[in-house]
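Please keep the sequence and the model in view while reading the numbered points.

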Amino acid sequence: MDRWRRPGRGRYLLRLSPASGLEREHAVKVRHLVASALAAAVAISMTSCSDSSSEKSGEAKDLTVWLMTGTVPDPVLKDINKEWEDAHKGAKVKVEIQQWDGIGPKTTTALGSNNPPDVVEIGNTLTAGFGDSKALKDLTDKKGDLGGDDWNKGLEESGTVDGKLYGVPFYAGTRVVLYRKDLWQKAGLTDPPKTIDELTAAAAKLTAANAATKDFSGFYFPGKYWYAGMSFVYGYGGTIAEKDGDKWVGKLDSPDSLKGLEAMKTFVDNASKAPKDATEADPTQVSILASGKGAMAYDAAWQIPAIEKENPALKGQIGTFALPGPTADTAMPAFLGGSNLAIAAGSKNSAGAYDYLKLLATKYQKPLVEQAKLIPNSLTLLETAKADPAIAPNAAAAENGWFPPTDPQWGAVESSNVLTDTMVNILTGKKAPADAAKDANAVIEKTLNGS
Amino acid sequence: MSAGTVSKERSSRRPSWRQVERITPFALLAPSVILMALLLGYPLARLLGISFQQFTRTEFFTRETIYSGLDNYVDLFTGDFFRVLVRTLIVVVAMVAGTVIIGTAVAVLMDKLGRPMRTLVLVGLLFAWATPPLSATVVWKWMFNSQSGIATWALDVVGVNLRGDNSVLFSATKVLTVVTLIVIWQSIPFVALTLYAGLTQVPRELYEAAEMDGAGFWRSFTSVTVPMLKPIFLLLITLSVIWDFRAFSQVWAFNRGGPDNESLLLGSYSYFASFVQYDFGRGSAVAVVMVLLLFGLTAYYVRQMIRSGEAT
Amino acid sequence: MTRVDGTAAPVTPGQPGTLPPGPPKTPARVSRRRSLTRAGVPARIALNLTALAVFVLSVFPVYWMIRTAFTPTAEIGIADDAGRPSLLPWPITWVHFSDALNRDNFGQYLWNSVLVSVSTVLLAMGVAFLAAIAVARFRFTGRAVYLVALMVAQMIPLEALVIPMYIVLRDANALDKLPTLILMYLAFVLPFSIWTLRSFIQAIPADLEEAAMIDGCTRMGAFWKVLFPLIAPGLVATSIFAFIQAWNEYIFVLVLMGDGNYTLPYWLGSFTGREGTDWGGVMAGSTMFTIPVVIFFVLIQKKMTSGLAAGAVKG
């Protein structure tokens, strides 16, 4: 994927390798001069001189691990650290918990520092970008050792670039339908729906039973909710884009994808009064369910405690079921959001890093499932997860979950708003699904193929 | 011999510290020059260099240097660039005009108020100024929310419908109007406070003289206030143009440049290049182009301001 | 006296025996109040009503932010049946504020923010004042170049500067240290501060300093004793600006600092997580973020303007 080299595009592409001559030497000299001036300035004003170097010659090296907030429960983390430190006598693990906001630039600069973190948890939509830009170690040959044959293929895809494994699947979370049992019962409904048509009928019943509440939605589906929209596309057998040789081809206008988009429009028209200009984040679906503006919403099961906190009367009143598909035998595929684990290319302790990564990716998957209720990376464990009623619907949705095209430029596609715009155009009726899909394809292809 | 220096001193009309005068400006400037050279100048030089390189995350991690000539610049001008530029210019004119005109009015108001009311206005302005811009944008977005916004409701009462399909978020014009209001709202405090500070320095006697000549409020404003505060006015207008031209976070936080990317402003190129595509070479080229553009827009005023100093 | 733009201005004879003709010594404040009562009650009322209107318009969005901070999440973004959200937060909840305060490291980030912002402002005012004197009161080669460079420095979009700055500081081993942040913010606010202070200094005739020097002051002494108090309001406006820049800055903190060295904006970012955004928390955090700044500057403003009156009378 040497797209960024753009061979033949530049009039002259002068590549200075580390071994070349005078120019680089001069630049280095200037850089050092300024750097020492700066260093002097800073040193003069510095008050503390702590040095967190992880190098100890001759002994076991320390380890820096970056985990995202809310992933690994504290007791599990303690166990992992202890096990690693016992196996590496004399070395210490420093776990830095990172917050999600701004994690892209943060991880970028951290991986480019002189002392990058050794093990890094990276969101799975971000991994391809880092793998492709040579920030991470190639772990392809370790796949067997990490139980790679048993991995959920959707998760594995997100960490693989050009056939090389840079991000080891860590965990995923899926969305399910959260529904208010009290409103459900009041409307005279009993069993969870098995098909999308049944769901539409249920939503209509709920809307009728709650006609007194302004803007009430049987199923709350805001216009910009592309994660939900794409679930329909994948659920009817379509996809966002496919690789044809070296180039991506947009597939939103394929017959199957269009079936999905049309089914989505029908569903939303009949089931939801949610504003077409809103995302699923504002207002939060927690607010919608807690305040009773909607009876159902498509969200992650870990939102349930938040809903109960907001409206204590709803304790135990929020149930879950997987978003039903077109037929009764499969659920609508859910987006497999999650994280991968990677080792920094510049890590000073890659052996120790690998040991830690292995613990997170194999031995401690089970506690993650049990305590944090996350979808594990292995299909075997997924089966056992299905037995746990708390995450059974999530597991069902994860079995054939979907993941956007794995490409370093996918972030640019999301930021270009093509998907939310397409959703809004279809749902407000501004464009017919076929036209909206065609226009979307053009943008997606342009962005992914870097033209 | 000393004769020469003595006659020099005698012939100058200023006291004998003229020798010192030659050194002092540089001594006074030294701290700022050193600091800015190290922490602004040097990174800027690197930025300029990077703009001529292919510099994506890969080059950042591998620390290679790959020159690509003017590629980054050429890439920039293909596509929507000029349309976005025109859109930005229009929006900036509206923002600057609104800020300066209303800001001046508020400053004059503050000048004429008694102490307690002036403090009230000051506190109001400070609140608007100190609110983090992103939080402010979110609040304004809520106020204009098509289902639950307080401003939407108020406008509904007077007959302006922003609900359903008329939602602010479905029209780039409406989005940019509200964003302009947000920027004006947050920029007025600085303009008002700075002008007010300047107004307090205008000698009272000048106004009294104008009054005795029969000048009303407007006349004394244009013949006393504006000339006295001309340097400050020029500066505020120039700075407003520069800052508003670069403003982007409000547009992004409001509706992410939608609908259909029709409300994107020029600052988006910089943001996209640096934090979405992680194409730092391109981002640097964008920065250079923006500096050149802004310089072109404000060169006349900058020259005026520098010249004005020479009359002293 | 000669005005900045070269025209002549009427001059009041100064007090006998001390200074040559110059601007009046009576504080502008006192004479203004006299003319106001002359203007009459209706004008007074109109002015006060306008002031009230300005206050309400400035503050309403901020009020909305605070009101949301006290609103339970279940009610945020929800309107009643008339499509109108409630003007008052109901039911009132302290949950967002207590959540926000209990976040990890809040105290540490608060301290870092205060330290960095106050240091930046103090240093910036000092350095900028000196530089502004130089460009406003002296003529020297390179003056125009310096000023143009300062203006150009403000035209650069900061996002583009993140990576070059990172590389420079990484090579200098200056990453993850608070003094680095202070010096960097200093460099960011200096161009604007120098330009603004220069404008204020230009509005004050040099005769005042010259008069003081004839009386025996050194040049620097004249600057400090005469000029500094007179541009106090300008210093206040500039320092508020510098403070807010440093206080609100996020992206450089995110990228250049590490655990323990973050500032409040980083804390504000923690309200957006995997579960979506905690809007109540964001608003509570923003409220806590904003109020100290306002209080601080109202106090400073009072001190500075009373200093102005004193300085002018002393003249």
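1. Domains of chain A. The domain assignment divides chain A into domain 1 (63–173 + 337–399) and domain 2 (175–335 + 405–448); such bounds come from an automatic or database domain assignment. The C-alpha centres of domain 1 of chain A and domain 2 of chain A lie 28 Å apart. Their contact takes 17 residues from domain 1 of chain A and 17 residues from domain 2 of chain A, where two residues are in contact if their C-beta atoms, placed from the backbone, lie within 7 Å.

2. Basis of the model. This is a predicted model, in which local features need pLDDT of at least 70, side-chain atom pairs count only at pLDDT 80 or more, and totals for chains, interfaces and linings use all residues. Residues are numbered from 1 along each chain as its sequence is written, and chains are lettered from A and ligands numbered from 1 in the order in which they are written.

3. The domain 1 side in chain A. On the side of domain 1 of chain A that touches domain 2 of chain A, the elements giving two or more residues are α4 (124–132), α5 (153–158) and α15 (392–399) of chain A. Helices (H or I, at least four residues) and strands (E, at least two) are DSSP runs, numbered from the N terminus. The largest share of that side, five residues, comes from α15(A). By class, the side has six nonpolar, eight polar and three charged residues; Ala, Val, Leu, Ile, Met, Phe, Trp, Tyr, Cys and Pro count as nonpolar, Asp, Glu, Lys and Arg as charged, and the others, Gly among them, as polar.

4. Backbone details in chain A. Most residues other than glycine have a negative phi, and most peptide bonds are trans. The peptide bond from D282(A) to P283(A), however, is cis, with omega near 0°. P283(A) is found in the loop between α9 (255–271) and α10 (285–291) of chain A. D162(A), a residue other than glycine, has a positive phi, near 55°, and lies in the loop between β5 (160–161) and β6 (164–165) of chain A.

5. Confidence in chain B. The average pLDDT of chain B is 87, and 91% of the residues score at least 70; pLDDT is the predictor's confidence in each residue, from 0 to 100. Over residues 1–12 of chain B, pLDDT stays under 50, and the model has two contacts beyond four places in sequence for them.

6. A helix pair within chain B. At what angle do helix α6 (residues 115–130) and helix α9 (residues 172–199) of chain B pack? The angle is about 130°, with their axes 8 Å apart. Axes are lines fitted to C-alpha atoms, for helices over the stretch in contact, and angles run from 0 to 180 degrees between N-to-C directions. α6(B) and α9(B) are therefore oblique to each other, since angles under 35 degrees count as roughly parallel, over 145 as roughly antiparallel, 65 to 115 as roughly perpendicular and the rest as oblique. In this pair, L125(B), L126(B), A128(B) and W129(B) of α6(B) meet residues of α9(B) including W185(B), F190(B) and L193(B). The contact of α6(B) with α9(B) has 10 nonpolar, one polar and no charged residues.

7. Chains B and C. The contact takes 90 residues from chain B and 98 residues from chain C. Helix α2 (residues 18–51) of chain B gives the largest share of the chain B side, 18 residues. That side divides into 64 nonpolar, 19 polar and seven charged residues.
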